[in-house]
Amino acid sequence: MTLVEKINETAAFLKDKGMLAPEFGLILGSGLGELAEEIEHAIVVDYADIPNWGRSTVAGHAGKLVYGDLAGRKVLALQGRFHFYEGNPLEVVTFPVRVMKVLGCEGVIVTNAAGGIGFGPGTLMAISDHINMTGQNPLIGENLDAFGPRFPDMSDAYTKAYREVAHQTAEKLGIALQEGVYLGVTGPTYETPAEIRAFQTLGASAVGMSTVPEVIVAAHSGLKVLGISAITNFAAGFQSELNHEEVVAVTQQIKEEFKGLIKAILEAL
């Protein structure tokens, strides 16, 4: 079966489950999946039951696809994403974005937990751009002409109009929303202090192990993107040690503010 046939098969399966015409896709990162529990009139499907779908194995990722109403919009939420470091091919990592496009999504809101280079723990950061340091690209191989061109433009991968709405919304809510460049690595190791010094020189504000592949595929597919990082720790060299427990703990602290912001942005888009 070709990749396009797999995408169409999965989209048809989800339509049969009642997941019709979502306006926005939500990709919820480490510790941030609770937002999906606030979706009303929800249709929930376990990843294991979806044909051609990947598996999420990381703590803080529930592994469920949730469709329904959130802030008055029809959304399709990934409660847990797939990572390259889990051994997933990038085709699997980015597959849900292709399905979102086929189902009719106009845009995607991508969230992640990230290490701060310019910002400290507890900061919310709108992603203005990214630097791909994974050494990988999900578009390598045969181009899916039905989705987009062989050489897609990444100039506006993170949609400026969406970002403006996010800043206006945050201001109304009294939430400090910073803006910066996200640098994507493969993981699963945290970065070395020397790497972080290099990334700082490159102009990165935050570093993480996700998001970049999905956004490349979203841009190729003509989807608009809003990316928001929850800065959960200082990157290597800025604090004594790094661990995943801290990442999950900090997302717990900021989750209410984060959920409120995403819902208000959805309402305003």
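**The main core**

Start with the largest nonpolar core, which has 44 residues; select Trp-53, Leu-65 and Val-99, the members that touch the most others. A nonpolar core here is a set of buried Ala, Val, Leu, Ile, Met, Phe, Trp, Tyr and Cys residues joined through side-chain atoms within 4.5 Å. Buried means under 20% relative accessible area, exposed over 50%, and partly exposed in between, with a 1.4 Å probe and protein chains only.

Now colour the elements that give two or more residues to this core: α1 (3–16), β3 (64–70), β4 (73–79), α2 (90–103), β5 (107–116), β6 (124–132), α5 (212–220) and β9 (224–234). Helices (H or I, at least four residues) and strands (E, at least two) are DSSP runs, numbered from the N terminus. Helix α2 gives the largest share, seven residues. Another core lies apart from this one; it has 28 residues, including Leu-28, Ile-228, Ile-254 and Leu-261.

The model is predicted: local features need pLDDT of at least 70, side-chain atom pairs count only at pLDDT 80 or more, and totals for chains, interfaces and linings use all residues. Residues are numbered from 1 along each chain as its sequence is written, and side-chain values use heavy atoms, with hydrogens and water left out.

**Trp-53 and its rings**

Zoom in on Trp-53. At 7% relative accessibility, Trp-53 counts as buried. Show its contacts (heavy atoms within 4.5 Å). Leaving aside neighbours within four places in sequence, Trp-53 is in contact with Thr-10, Tyr-47, Leu-65, Leu-78, Phe-82, Phe-95, Pro-96 and Val-99.

Next, the rings. Rings of Phe, Tyr and Trp (its six-membered ring) pair if their centres lie within 6.5 Å; planes under 30 degrees apart count as stacked, over 60 as edge-to-face and the rest as tilted. The count comes to five aromatic pairs. Select Trp-53 with Phe-82: the ring centres are 6.3 Å apart and the planes stand at 80 degrees, so the pair is edge-to-face. Trp-53 sits in the loop between β2 and β3, and Phe-82 in the loop between β4 and α2, 29 residues apart. Both Trp-53 and Phe-82 are buried.

Phe-95 counts as buried at 4% relative accessibility.

**Along helix α2**

Is α2 enclosed or open to the outside? Ten of its 14 residues are buried, so α2 is largely enclosed by the rest of the structure. Among the buried ones are Leu-90, Val-93, Thr-94, Arg-98 and Leu-103. The buried residues of α2 pack against α1, β1 (24–28), β4, β5 and α5.

Centre on Pro-96. A kink of about 35 degrees in α2 is centred there. The bend at a residue is the angle between axes fitted to the seven residues ending there and the seven starting there. Step just past the end of α2 to Gly-104, which takes a positive phi of about 115 degrees.

**Salt bridges**

Switch to charged side chains. A salt bridge is a side-chain nitrogen of Lys or Arg within 4 Å of a carboxyl oxygen of Asp or Glu. The count comes to eleven salt bridges.

Select Lys-6 and Glu-91, whose closest N and O atoms are 3.8 Å apart. Lys-6 lies in helix α1 and Glu-91 in helix α2, so the pair ties together parts that are 85 residues apart in sequence. Lys-6 is partly exposed at 27% relative accessibility, and Glu-91 is partly exposed at 37%.

Move to Glu-38 and Lys-259, a salt bridge with its closest N and O atoms 3.1 Å apart. Glu-38 lies in the loop between β1 and β2 (40–46) and Lys-259 in helix α6 (residues 244–268), so the pair ties together parts that are 221 residues apart in sequence. Glu-38 counts as partly exposed at 28% relative accessibility, whereas Lys-259 counts as buried at 6%.

Stay on Lys-259. Its side chain also meets Glu-256 in a salt bridge (3.4 Å, N to O). Both lie in helix α6, three residues apart, about one turn of the helix. Finish by selecting Glu-34, Glu-38, Lys-255, Glu-256, Lys-259 and Lys-263, which salt bridges with shared partners join into one network.
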